[in-house]
Each structure stands twice: as C-alpha cells, then as structure tokens.
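Let's walk through this model together, one region at a time. Keep the sequence and the 3D view open as you read.

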Amino acid sequence: MSIAALAPAEPGISGPISMAIDVHAVSHRFSLTGSQLPVIETLDLSIAPGDFVALLGPSGCGKSTLLRLIAGLERPTSGSILADGRPITRPDPSRGLVFQDPTLFPWASVWKYVATGLEARGRLREEHERVDSALALVGLEAFADAYPHQLSGGMAQRASLARALVNDPALLLLDEPLGKLDSLTRLTLQAELVGLWQRNGFTALLVTHDVEEALLLSSRVIVLSDRPAHIKAEFRFDKPYPRHRDDPDLVTLRRSILATLGLPT
Amino acid sequence: MGGSTGLFAAITGGVAVLFVILSPIVPRLGGTRDLLLHYGPWFVAVGVWLALWELTTAKFGWLPKPFFSPPHGLLNVYVTDGQRLLICIGYTLRLWTLGFLSGILAGYAIGVALGWSKRFSYWGMPFLKLIGPVPATAWIPCTFYFFPTTFGASVFIVALASGIPVAILTASGVSSVNRTFYDVGRILGADNWYLIRRVAIPASTPHVFVGLFMALYYSFAVLVVAEMLGAKYGLGWYIQFQTAYSGYANVYAALIIMAILCAGLIPLLFVVRDRLLSWQEGFI
Ligand SMILES: Nc1ncnc2c1ncn2[C@@H]1O[C@H](COP(=O)(O)OP(=O)(O)OP(=O)(O)O)[C@@H](O)[C@H]1O
Ligand SMILES: [Mg+2]
C-alpha cells in the first residue's frame with residue numbers, strides 16, 4: 001500500500017493541514033408542509049485544529065444535518081459557523097464529507113468516482129496516482145474498474161471514504177462511515193483512519209452510533225440531545241493509540257456515556 | 001401487374017426447395033442450427049402469410065384490386081421501378097439523417113438547459129408543452145416562409161418531430177437526478193459546469209434514450225409529410241405520387257422499404273445505448 005502518496009502534498013499547495021471549526025449559536029429548522037421542524041437548537045461547538053471529535057446522539061436528532069451545515073451544503077437558519085475564523089458559505093474541497101449512505105455514481109467506475117475530486121479541480125492529470133493510493137488504502141485496488149452495482153455495501157462505503165480522502169481535506173466529516181461494514185473490515189478501517197489522521201493531521205469529526213468506536217478513535221466525545229439537538233454532555237480524554245477496548249479507563253468512560261444516552265450499561 | 005408472377009413463383013419455389021434440402025441436415029449444422037431452429041416458427045408463419053395473401057388477392061379476389069395487391073404485384077414494383085426506388089431511398093435517407101441529427105442535437109441541448117436551469121424551464125417548458133402535440137403539418141405554412149429552400153423546410157419538419165421527444169425526456173431526466181449526486185460533486189469542489197457535464201448528463205442518459213427511440217419513430221412517421229413540400233424524389237414523395245395515381249402496389253412497396261429502414265435503425269440505436277449505458281444494473 002502506498003499510503004505515503006496520500007500524505008499532504010507540498011505545504012502551501014494544499015493549504016492548511018488541519019482546520020479549526022467554530023459553531024456559534026447555530027439553530028436550524030426544516031420547513032415541512034405547513035409546519036416547521038426545529039432540528040438544531042442554539043448549538044455551540046469549538047473544534048481545535050487536528051482534533052478527533054466523535055458525535056453521538058439518538059437517531060434523528062440532527063447529526064447528519066450538523067455535518068451538512070459544517071460542510072456548507074446548507075446554511076443554518078440562524079447562527080454562524082466559522083472555518084479557521086472565516087464564515088462557511090458554501091462547500092469547499094478542504095472540507096471532506098463521507099455521507100451516511102454511500103452515494104456512488106452509478107455511471108462511474110470506482111476509479112472514476114474516486115477521481116472526481118481531482119477532476120473537478122482540474123488536478124487529475126498531475127495527481128492521478130493519489131486515486132490509486134486512496135483505493136489501496138481502503139483495499140479496493142482490485143475493484144478500480146467495477147461499477148457500483150457490482151460492489152457490496154461495505155465496499156461502496158469504502159469507495160466513499162477513498163473519494164473523500166483523495167482531496168486531502170483539512171477537515172474530514174464522517175457520517176457513520178463504518179456503520180455498514182463487517183466487524184473485521186471495521187476494525188481494520190478504524191485503525192487505518194487513526195493512522196491516516198495521525199499522519200496527515202487533519203481535523204476529524206465522526207458521527208457514530210457505536211460508543212466503543214468513538215472511544216477507540218477520538219479524544220473527545222460529544223453527546224447530543226434528542227431533537228432539537230443541543231450538546232447534552234461532553235467527554236474529553238487523552239489516550240495514546242492504538243487503544244484497547246478493555247482499557248479500564250475506556251470501560252469506565254463507556255459506562256458514563258451510555259448512561260448519558262439513556263441506555264443500559 | 002402480373003408481370004412478376006413467374007419470378008415470384010421461382011423465388012418461393014427456390015426457398016421451398018432450400019428448406020426441403022435443409023430439413024434432413026439441420027440437426028448436423030453447428031452454430032447455424034440453433035439460429036434456424038430459433039426462427040423456425042417465423043419461417044412457417046411467413047410462408048402461411050404469403051399463401052393467405054396470394055389466396056385472398058390473386059386467387060379468389062376477396063381483397064379487390066387496385067386497393068390490394070398480391071405479393072407478386074409488389075415484387076413487380078421492385079423489378080420494374082427499382083431504379084427510381086433506389087434514388088428515392090437515397091433522398092429520403094439524406095433528408096432523414098440531416099433532420100434527425102440536427103433535431104436530436106438541438107433537442108438534447110434544449111432539454112439539458114430546461115432540466116438544469118429553473119429560469120429557462122419557467123419560460124421554456126410552457127412553449128415545449130404547447131408545441132409538443134401540434135402535428136407537423138401545421139408548421140408547413142410558416143416553414144415555407146422562413147426557409148429559403150423546400151429542402152430546408154423538410155429538414156426542419158423532421159428535426160422538429162425528432163427534437164421534441166428528446167427535449168422533453170432529457171429535461172425530465174436532468175431534473176430528476178438524485179440531489180445527493182450534486183452534493184457529492186459540490187463537496188469535492190465541482191462547479192456548475194462540471195456538475196452538468198459529469199453528473200446531470202450521465203445520470204439522465206437512460207431517459208435520453210427513451211426520447212431517442214421515440215424520435216426515431218416520429219421522424220419516420222413525419223417523412224411523408226416532410227416530402228410533401230415540393231420534393232422531387234424520396235419515399236414519402238413516391239407514396240404521395242403513387243397514391244394520387246392509384247398505384248397502390250407501389251405505395252405498399254415503398255411503405256415496406258420505409259418500415260425495413262426504420263426497423264434496421266432500431267438495432268443500431270440499441271447498440272449505441274448498450275455501449276453508453278453499460279454501467280446500468282443488469283446490462284453486463
Ligand atoms: N431535507 C430535509 N427536509 C426536512 N426534514 C429533514 C431534512 N433532512 C433532515 N430532516 C429531519 O431532520 C431531523 C434530523 O435528521 P438527521 O438526518 O440530521 O438525523 P441524524 O441525527 O443524522 O439521524 P440518524 O442517526 O438516524 O442518521 C430528522 O427528523 C429528519 O426528518
Ligand atoms: Mg444521520
């Protein structure tokens with residue numbers, strides 16, 4: 001695997017390696033026919049550059065919505081979101097997003113799909129080997145020419161991950177990226193994700209429903225309330241990697257997080 | 001009109017002899033055997049059809065002349081008027097090619113614009129919906145005014161008939177593209193131009209092909225009308241000319257050629273579609 005090729009390109013070309021995010025008093029509501037659905041309620045959140053933050057919360061509380069707001073795909077109803085101090089007004093290749101459902105292009109081979117980010121910015125010719133590295137990283141080299149309907153659900157999700165990584169984002173937004181994977185691939189990819197984050201130094205914001213995954217990967221877990229989402233609890237911990245699931249500190253943390261989520265420990 | 005009776009008898013007799021010879025050796029033929037066996041029922045059906053046709057027309061006269069013509073009457077048209085029919089085919093193909101290609105290209109471009117741009121669709125869609133159902137003949141007066149040559153007017157009529165279904169289906173295809181595909185593109189730094197070329201266009205291709213198949217049929221259906229506009233040759237012109245002089249056998253003969261041309265182009269379009277849409281599930 002030539003993961004090294006996915007390291008940030010020369011400094012100055014690819015911009016900042018990591019990114020600070022400031023979510024300031026953000027509220028968001030959707031208009032359904034005739035009524036308003038408040039999804040996020042005055043949420044404040046600061047993420048330091050290079051942090052790995054995990055976001056937990058009940059289903060339908062607004063986690064994906066928050067990621068879409070930070071990505072710039074939508075504008076919050078009120079409040080502001082800053083990336084390195086500048087307001088986010090639209091999507092930018094420096095902020096990568098892995099969607100909850102793998103949204104591959106049915107008409108594009110895996111290689112073409114992963115290359116989209118480079119092609120859209122006119123960089124494919126110079127940096128096409130980044131596509132191969134990204135595919136190698138997620139273990140899809142052999143399926144470079146496959147079409148989406150020929151992939152399993154987990155392979156599709158890995159292709160989505162490669163697609164986001166190829167742009168060398170300073171912020172990686174991950175919406176339950178490993179949710180559909182078998183436990184073995186999941187463990188491998190968790191380790192890869194940490195390795196990638198350590199090497200490249202980007203900021204990571206991971207939505208997950210798996211408390212253990214949050215504890216293995218991040219150094220800060222944020223628990224959101226039921227809809228409309230606000231921050232219900234926050235856990236910070238500093239543990240070296242690789243971490244072990246049986247680590248007594250993590251086991252204790254897991255109990256208290258599950259308790260905040262209102263689940264049996 | 002009975003001039004080709006002998007020739008027709010010779011051909012059908014020859015084919016009959018061929019099948020008689022084939023029947024004992026078919027089981028021993030390799031690849032062609034399956035092909036022959038597959039189309040076997042059709043060979044029988046065609047034979048029965050020709051027999052019924054001869055009986056009802058030439059033998060008993062149930063279907064009277066000149067409105068109906070026996071098979072050997074049609075054959076006679078090809079024998080005696082073949083030269084002129086060939087020229088007509090050439091002229092018709094030229095008209096059809098120019099009209100169809102310009103029509104689908106314009107229709108495609110308009111369809112993409114209608115499907116992509118809300119403003120374009122606001123102003124353009126009502127026009128398309130109004131123009132769509134208007135029969136091609138209705139355009140003849142104003143095309144005569146706008147086009148310097150009658151050939152130009154004919155091309156326009158064919159182009160219009162092929163362009164409208166392509167425009168409508170392309171527009172509906174582009175506007176129904178899954179929004180998250182655009183989100184993926186935008187996240188990766190794609191501009192609108194990239195999204196149109198690399199997302200909207202490939203995603204809508206299956207719709208476009210439905211429009212193309214419709215365009216193929218409509219363009220053939222409108223050929224006769226298009227060649228009313230003072231053409232000197234062409235299958236449509238030939239059909240009108242012969243209808244006026246009650247040469248119904250000639251009309252049928254030309255209609256058969258048209259049907260064969262259209263039917264021959266459909267597999268071609270299928271080949272193009274299968275190449276472009278090989279990514280679709282169930283295609284590979
Ligand atoms: N485009 C939209 N229009 C209207 N309502 C929406 C839209 N997107 C999301 N919602 C609503 O917002 C709420 C939060 O949705 P969101 O997808 O952010 O939840 P989530 O926390 O990601 O849930 P899950 O864990 O199940 O993925 C849901 O009630 C959903 O119905
Ligand atoms: Mg979600």
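This is a predicted model: local features need pLDDT of at least 70, side-chain atom pairs count only at pLDDT 80 or more; totals for chains, interfaces and linings use all residues.

Helices here are DSSP runs of H or I with at least four residues, numbered from the N terminus. Leaving aside residues up to four places away in sequence, B:Glu54 touches B:Phe8, B:Lys59, B:Pro70, B:Pro71 and B:His72.

Staying in chain B, have a look at helix 3 (residues 71-116), which holds both B:Asp81 and B:Arg84. These two are 3 residues apart, about one turn of the helix. An α-helix has 3.6 residues a turn, so residues three or four places apart point the same way. B:Asp81 and B:Arg84 form a salt bridge, with 3.2 Å between the closest N and O atoms. B:Asp81 is buried at 12% relative accessibility, whereas B:Arg84, at 27%, is partly exposed.

Now turn to where the chains meet. Chain A brings 26 residues to the contact and chain B brings 19 residues. Between them the two chains bury about 2100 Å², and carbon and sulfur atoms account for 69% of it. Across this interface there are 6 residue pairs in polar contact. On the side of chain A that touches chain B, helix 1 (63-71), strand 6 (95-98) and helix 2 (110-120) of chain A each supply at least two residues. Helix 2 of chain A gives the most, with 5 residues. Sorted by class, that side of chain A has 13 nonpolar, 7 polar and 6 charged residues.

How many salt bridges are there between chain A and chain B? The count is 2. In one salt bridge, the side chains of A:Arg68 and B:Asp183 meet at 3.1 Å, N to O. Side chains of opposite charge can pair when their charged atoms come close. Salt bridges with shared partners also join A:Arg68, A:Glu74, B:Asp183 and B:Arg186 into one network.

The buried residues are A:Lys63, A:Thr65, A:Leu66, A:Leu67, A:Leu69, A:Ile70 and A:Ala71. Just after the helix, A:Gly72 takes a positive phi of about 95 degrees.

Which protein atoms are donors of the magnesium ion (ligand 2)? They are OG of A:Ser64 and OE1 of A:Gln100, lying 1.9 to 2.1 Å from the ion. This pair links distant parts of the chain, with A:Ser64 in helix 1 of chain A and A:Gln100 in the loop between strand 6 and helix 2 of chain A, 36 residues apart. A:Ser64 is partly exposed at 25% relative accessibility, and A:Gln100 is partly exposed at 31%.

Over all chains, the whole structure has 16 salt bridges. Within chain A, one of them pairs the side chains of A:Arg186 and A:Asp210 at 2.9 Å, N to O. A:Arg186 belongs to helix 6 (residues 183-200) of chain A, while A:Asp210 lies 24 residues away in the loop between strand 8 (203-207) and helix 7 (211-217) of chain A. With a relative accessible area of 13%, A:Arg186 is buried.

A further salt bridge joins the side chains of A:Arg220 and A:Glu234 at 2.6 Å, N to O. Here the partners lie in strand 9 (residues 220-224) and strand 10 (residues 231-236) of chain A, 14 residues apart. A:Arg220 is buried, at 5% relative accessible area, whereas A:Glu234 is partly exposed at 36%.

Finally, the backbone. Most residues other than glycine have a negative phi, and most peptide bonds are trans. A:Arg227 and A:Pro228, however, are joined by a cis peptide bond with omega of about -10 degrees, and A:Pro228 is in the loop between strand 9 and strand 10 of chain A. The peptide bond from A:Tyr241 to A:Pro242 is also cis, with omega near -5 degrees. A:Asp84 is not a glycine, yet its phi is positive, about 50 degrees. A:Glu176 likewise has a positive phi, near 45 degrees, and is buried at 14% relative accessible area.

Notes:
Residues are numbered from 1 along each chain as its sequence is written. Chains are lettered from A and ligands numbered from 1 in the order in which they are written. Side-chain values use heavy atoms; hydrogens and water are left out. Contact means heavy atoms within 4.5 Å. Buried area is the accessible area (1.4 Å probe) that two parts lose on being put together, summed over both. A salt bridge is a side-chain nitrogen of Lys or Arg within 4 Å of a carboxyl oxygen of Asp or Glu. A polar contact is a pair of N or O atoms within 3.5 Å; within protein, one must be able to donate a hydrogen and the other to accept it, and residues adjacent in sequence count only if both atoms are side-chain atoms. Ala, Val, Leu, Ile, Met, Phe, Trp, Tyr, Cys and Pro count as nonpolar, Asp, Glu, Lys and Arg as charged, and the others, Gly among them, as polar. Donors are N, O and S atoms within 2.8 Å of the metal (3.2 Å for Na, K and Ca); water is not among the atoms, so sites may look incomplete. Buried means under 20% relative accessible area, exposed over 50%, partly exposed in between (1.4 Å probe, protein chains only).
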